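Please read the following account alongside the sequence and the coordinates, moving from the overall fold to the spaces within it and then to individual contacts and backbone features.

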Amino acid sequence: MNNILEEIFENKEFVNFEGQVIKIHSETNKSQCEFLQQIISQNKFSKSIEIGFAFGTSTLAIVEEIEKNKGKHVVIDKFQHSDWGGNGLNLIKAAGYESKIEFFEQFCFEALPKLMFEGRRFDFAYIDSTKQFDWILVNFFYLDKLLEINGVIVFDDVTFPGIRKVLRYISQFPNYKVYSQHPKNHKPSKARSLAGLLKLLPLADKLIKDEILISDSSLQINSGCVAIKKISEDTRNWDWHVSF
Ligand SMILES: C[S@@+](CC[C@H](N)C(=O)[O-])C[C@H]1O[C@@H](n2cnc3c(N)ncnc32)[C@H](O)[C@@H]1O
């Protein structure tokens with residue numbers, strides 16, 4: 001892993017071009033950055049995109065690996081200057097990867113359709129931004145259109161209810177499969193497994209919450225960070241639906 005990144009994980013700070021010491025927070029942790037790098041390296045991905053820049057920790061991890069495959073990385077963050085003092089960009093410049101990233105200081109709902117209309121394609125995506133259901137679903141909607149077959153989308157913060165709910169839905173799409181999790185999918189507790197038996201009751205699907213009938217574990221999304229892989233184009237019928 002990049003020396004600058006190693007130091008950031010050790011000291012939780014870095015010195016920017018203005019000589020200010022920037023104390024980092026909200027970052028993707030070291031083992032999760034390694035998880036992202038592993039996926040990129042194993043699949044030789046070269047066209048990546050990320051939503052949520054902050055101080056640039058995950059961006060640096062991704063771009064370091066993408067660069068090895070002679071690729072480029074797109075980053076979207078509406079608040080890079082307003083909330084993060086431009087320090088994500090600062091870090092990437094200090095690490096020497098400035099020419100390897102393309103940055104959009106926009107909302108994801110503005111930047112993603114623009115990339116789609118330009119005919120851009122990606123093989124790796126990382127979402128680490130807001131935790132709201134509607135925003136994450138819209139992100140996925142566009143990223144799916146932008147993603148190559150065999151491409152992977154990684155979701156951070158899957159313990160947040162809004163994000164978990166999106167994963168409960170899209171992990172059941174016939175053209176996606178759960179690729180991996182970090183940490184690994186937690187097994188359900190005994191009580192949780194027993195609750196699953198309630199689905200045998202008459203009218204269970206009408207009377208009992210979907211979360212009780214279908215466990216996060218059985219969907220393989222019972223983790224903080226989940227990667228899903230697009231295995232084919234979307235062939236769902238117009239009336240396709242699953243309980244989630
Ligand atoms: C948890 S931080 C990202 C941390 C970063 N991935 C890292 O590892 O250092 C979340 C980021 O999402 C950005 N963000 C929040 N809502 C957003 C939106 N709707 N569109 C784009 N970026 C957004 C915030 O400005 C913030 O930089």
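The paragraphs below go from overall dimensions to local detail.

This is a predicted model, in which local features need pLDDT of at least 70 and side-chain atom pairs count only at pLDDT 80 or more, while totals for chains, interfaces and linings use all residues. Residues are numbered from 1 along each chain as its sequence is written, and side-chain values use heavy atoms, with hydrogens and water left out.

The secondary structure of the protein comes to ten helices and nine strands, where helices (H or I, at least four residues) and strands (E, at least two) are DSSP runs numbered from the N terminus. Along its principal axes the C-alpha trace spans about 65 × 40 × 35 Å.

The largest pocket holds about 440 Å³ of space, and of its 24 lining residues Gly52, Asp77, Asp128, Ser129 and Thr130 lie nearest its centre. On a 1 Å grid over the protein atoms alone, a pocket is an open set of points with protein on both sides within 12 Å along at least five of seven lines, a cavity is a set where a 1.4 Å probe fits but cannot get out, and lining residues have an atom within 4 Å of a point. Grid points are joined across faces, edges and corners, and a volume is the space filled by probe spheres set on the points. The structure holds one cavity of 30 Å³ or more, and among the residues that line this largest cavity are Asp128, Ser129 and Thr130, together with Phe155, Asp156 and Asp157.

A search of the whole structure finds 19 salt bridges, each being a side-chain nitrogen of Lys or Arg within 4 Å of a carboxyl oxygen of Asp or Glu. One of them joins the side chains of Arg121 and Glu233 (3.9 Å, N to O). Because Arg121 lies in the loop between helix 5 (108-117) and strand 6 (122-127), and Glu233 in the segment after strand 9 (225-230), this pair ties together parts that are 112 residues apart in sequence.

Two backbone features remain, and they can be set against the general rule that most residues other than glycine have a negative phi and most peptide bonds are trans. The peptide bond from His182 to Pro183 is cis, with omega near -10°, and Pro183 is found in the loop between strand 8 (176-182) and helix 8. Lys70, in the loop between helix 3 (57-68) and strand 4 (72-76), has a positive phi, near 60°.
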